[in-house]
Amino acid sequence: MPSVLASVSTFALEGVRSHRVTVEVDVRRGLPAFTLVGLPDRAVRESRERVRAAVQNSRLDFPMKRLTVNLAPAHVRKAGPGFDLAIAVGLLAASGQVPCESLVSTAVSGELSLSGELRGVRGTLAAAMGAREAGCERMLVAHENASEAALVEGLRVIGAGDLHEIAVLLRGEGEPEQASDAGAPAEDRAGELDLRDVRGQDDAKRALEIAAAGGHNLLMVGPPGVGKTMLARRLPGILPAPGLDEALEITQMHSAAGLGSGALMRERPFRAPHHTISAQGLVGGGGLPRPGEVTLAHRGVLFLDELAEFSRMALDALRQPLEEGRVHIMRGQRALEFPANPVLVAACNRCPCGRGSERCRCSQADRDRYLRRLSLPLLDRLDLVCEVRAVPPLELAGAGPQGPSSAAVRKRVMAARRRQTKRLEGTTALCNGDMDGRLTRRRVSVDGDAVARLIAARESANLSGRGHDRVLRVARTIADLGGRARVHARDVEEALTYRLDGWEQLAA
Amino acid sequence: MTRSAEACDTCLRRSRLLAHLAPRITGMLGRRVRAPGLLALSDHDLLAAAAGEQYEQLQERIGAFTAAAERRSLDEAGVVAVCGHSALYPVSLMELPDAPTTLFCVGRMDTLASLRDEPAVAVVGTRRPSPYGNEVAYGLGRGLGASGVTVVSGLALGIDATSHRGCLDGGGVPVAVLACGPERAYPLRHRTLHGRVAASGLVLSELPPGTGAHRWSFPARNRIMAGLARMTVVVEAADPSGSLITAEFARDLGRAVAAVPGRITASMAQGTNGLLRDGAVPVTGVSDVLDELFGVGVRPAPTAVAAPVGPDLRSVLEAVEAGCGVDEIGTRAGLAASDVRVALARLEAAGHIIRGGLGGWERRAV
C-alpha cells in the first residue's frame, strides 16, 4: 500500500513577524511509530503526546501506522505549542478522515489540550498577517484568537472550540461561523487620564505639549513626589489617536509578547519599566527573541523613572533604537528587526538625595557621581529638559485657574502634526523629532533674526553642532504649534531654554 | 645663588624635621586635630614631644640632613623656600605665636610683596556649599580680585575653590595655602585650579615638597590663612567646622572676622550666623568687605559689567534672584510659561543669568 501524504500550512512567530511552516505528514504501513523531524524544540516534540490524546478524545481515529511528521523549512528551529493543531489536522488528512483538498490555501494555528480542546497562542495577529501575505484565503484558529486574527482584512477567519469541530468543518459538514473583529470601540477616551487633573505645572505641561507635537524625547528633573510620573502618564492622551495602520502595529507588538487582549488597541501604549530591568528586557532578545519594552512602547510612550538608577548596559542599549526607530537582534543565522519608535520620557533627581536645594546635604562629589551614572549617549538623544518643582500648597488645594484639558491640547498637537506631515512628505521622518541633522537643515526655514540668535548661542552658550540641530528641531515644533511657517527668533529663544547642552562638562 | 636661598639652613632643617614628624604628630593627637603650642616648640622639644619610640631613628634621619641636598631637591621641584629671616617673608605672619619658620612657594614670587604691602582677605567656607554659598563666594572672589585685593583661601572643595575661581575670573591675585607640600594639588581634582592659581598668584605651605596632608595640618594651614589676611570672611560653615577654626585664629590675632548671613534653618549657616551673633562683620556684598578694609567709600566696589535690563525683563530677573522656578516666575510676572522661557533666554543672552545645567537658572554673580 502506497503511503499517503498531507501538508498543512501554519505560521510561526519570529520576533514580531511570522514565517510559514509547512507541516507534512506521511502515513505508511509498518510498526506503529510517531516521528517528528525538522528541528523541533521540546515543546514541539511533546506535541506528539498532546496530538495523540486529543485525536483519540475527539471521537477520531489515531492511525496505528508508521507516522512521520516533518516541519519545513527544516533548518529553522521550531518552538512552542502552536504546531499542535497543524500536526493533528495533517494526521487526519493523511489518514483519510478529512479531505486533503480542504487544506489548500488554509492556514491553521492553535494549541491542543489532551481532551481535544483548542487553546489560543500568542502572536496570532502576526500569524494572520503572514497567512494573508502568503496568499491563504482562510485561517482556522482557537475561539479566543479569532477576533484578533480577524483584524487582518482579506482573510476568512474561523474560530473553533475543539478538534472535532475542526474536523467537521474541514469535511464541509458544519456551517462555518466566520469570526469578525471585536469591533473598534467608539472614540471614547473618557477613561484616559486628563491633563486638566494636574494642578499648576504650566511649564512642564508646555514641555509635554512640545514633546507630543514634535515627537521629542523629554527629560524631567525634580525631586520625588512633585508629579513627574503623573505628568508623563498624561502624554499618551495628548498624542493624536493612532490611525488604523498604527493601531494594528501596536496590537501586533503586544500580541507577539503575549500581552494582547484580542481586540484592536486603539490607544497609544504607555510603558514604564522598573529601573531594575535588564538590557534584554528593555530592547528585546532572548533565545527565542521577544520584543522588549521599547518595542512594546512603539508609537506610544516609554517612561523611564529614576533614570540614574537604570543599569548602564540597559541605557546604552537604548541608544540604537532611539536613533533608528528599530531594534536589530542577531540570533544564530537569523537577523530580526523589532520596530521601536516611542517618545521617550525620562525623569531623574537633581542629586542622589532627591531633596530640594535647601535641604540637600549632598557634596559636589556625590552630585557629580550621580550625573555620571546617566548615560551620555542617551542624554544626547534627549531634545528637551525641563525642571519640575513642587506646586505651591495653595494652588494644589484648588486655587488658581484650571489648565487646559487633554482634548484641547491634543487638538493643537494634531494641527502641529499636520503641518509637519506636509513638510516632511517624501522623507522617512514622521515628525520633527525624527529628522536627522541633514533633514533639519534642509526642511526648516528660519528667518533672519532667528539665525542671528542661533549664531549668538553657538558662540556664547557653546552650543555644539548636534545641540544646534536639536534646538532647531524643537524651535520648528514650537513654530508649528504657533502656526508659523518659518521659525522666528522667539521660537529659537524658547527652544534654547530647553537645551541639554553643557552636560558633557557637567558629567565629565 | 639659587632662588631657594631665601631660606637659611636652620629653617630648612626645622621644616624637614616637621615633615619627618608629620605622621607621628597625627598618631600622637589621635582623634584631636589641634595641638596648641606644639608648632611653637624648639626643634629639640618638638622631636622629644612627637617622636615617641622612634626618637632615635628620627634623630638619626634629621642628623643626616644637609642644606645643600635640600636646596637641590627644592630646585628640582620648582619650589622656592622663604624663611622668617628673609625680607620676603610676610610680616603679618610674624604675629602668630607659632608662625611657620619657612614658607614653601610655587607660583609668582612677586605675590609675596603684595601680601606684605597690601591688605589681603581670606575667603573660606564649607566643602559642601549650597548654590547660594557658591554664588556668594564666587561673587566675593571676583569682586575683591577686580578691586586689587589679594584673596587667600585653601584650595579645598566648595567655597575655597569657588572663591579662587572668582578671584581668577576677576583678574585678581589668588593665594592658596595648602595642608601638604605646595607642589601637590590637594584635592587631586583641583589640579587644574592649582595650576591656574600658581600661574596668576601663589600656592604656599609650611611643609616642604613631598609631604602629604595630615589631619592636624589642616587647622595648622588655617592659622596661616588667618595670619596672612587682614580680614577673614566665612561664607558658609557648619558648627563646628574648619572655617570656624580659621575665624578663631583671626580673632586671636585681632584681625577682622566677617560672615555672610544665611538662612537660619540651613545647617550650613549655623556657623556663620553664630559668628554674626558673636559680633562678626556682616557681609552682604563686596563693598562691605572693602569698606571694612579701607574705610567707608574709600574704594568703591567694581560695578556690574552686564548690560542694564529693560523694564519688561526686570520682574523676571528679580524672580530668578529669588530662586523661583519657571511657573513661579510666570505667576509673579504675569506671563505664560512660554513667555517666561523667552524672557529667560534673553536674560541669559545678555549675561544676567546662567543655566544651572539641569534646567534651572541662577543669577550670575557680579
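## Helix H6 of chain B

In this predicted model, H6(B) is followed by B:Gly148, a residue with a positive phi, near 80°. The helix itself covers residues 131-146 of chain B and has 16 residues. From its first C-alpha to its last, H6(B) reaches 22 Å, close to the 22 Å expected at 1.5 Å a residue.

How many of the 16 residues of H6(B) are buried? The count is 14, so the helix is largely enclosed by the rest of the structure. A residue counts as buried here if 20 or more other C-beta atoms lie within 10 Å of its own.

## Overall build of chain A

Chain A has 508 residues, of which 48% count as buried. Its secondary structure has 22 helices and 18 strands. The C-alpha trace of chain A spans about 90 × 50 × 45 Å along its principal axes.

## Contact between chains A and B

Across the two chains, 25 residues of chain A are in contact with 23 residues of chain B. On the side of chain A that touches chain B, the elements giving two or more residues are helix H6 (202-214), strand E18 (384-387), helix H19 (448-460) and helix H21 (489-496) of chain A. H21(A) gives the most, with four residues.

Which classes of residue make up this side of chain A? By class, there are 11 charged, eight polar and six nonpolar residues on the side that touches chain B.

Terms used. Residues are numbered from 1 along each chain as its sequence is written. Chains are lettered from A and ligands numbered from 1 in the order in which they are written. This is a predicted model: local features need pLDDT of at least 70, side-chain atom pairs count only at pLDDT 80 or more; totals for chains, interfaces and linings use all residues. The expected span of a helix is 1.5 Å times one less than its number of residues. A residue is buried if 20 or more other C-beta atoms lie within 10 Å of its own, exposed if 12 or fewer, and partly exposed in between; C-beta atoms are placed from the backbone. Two residues are in contact if their C-beta atoms, placed from the backbone, lie within 7 Å. Ala, Val, Leu, Ile, Met, Phe, Trp, Tyr, Cys and Pro count as nonpolar, Asp, Glu, Lys and Arg as charged, and the others, Gly among them, as polar.
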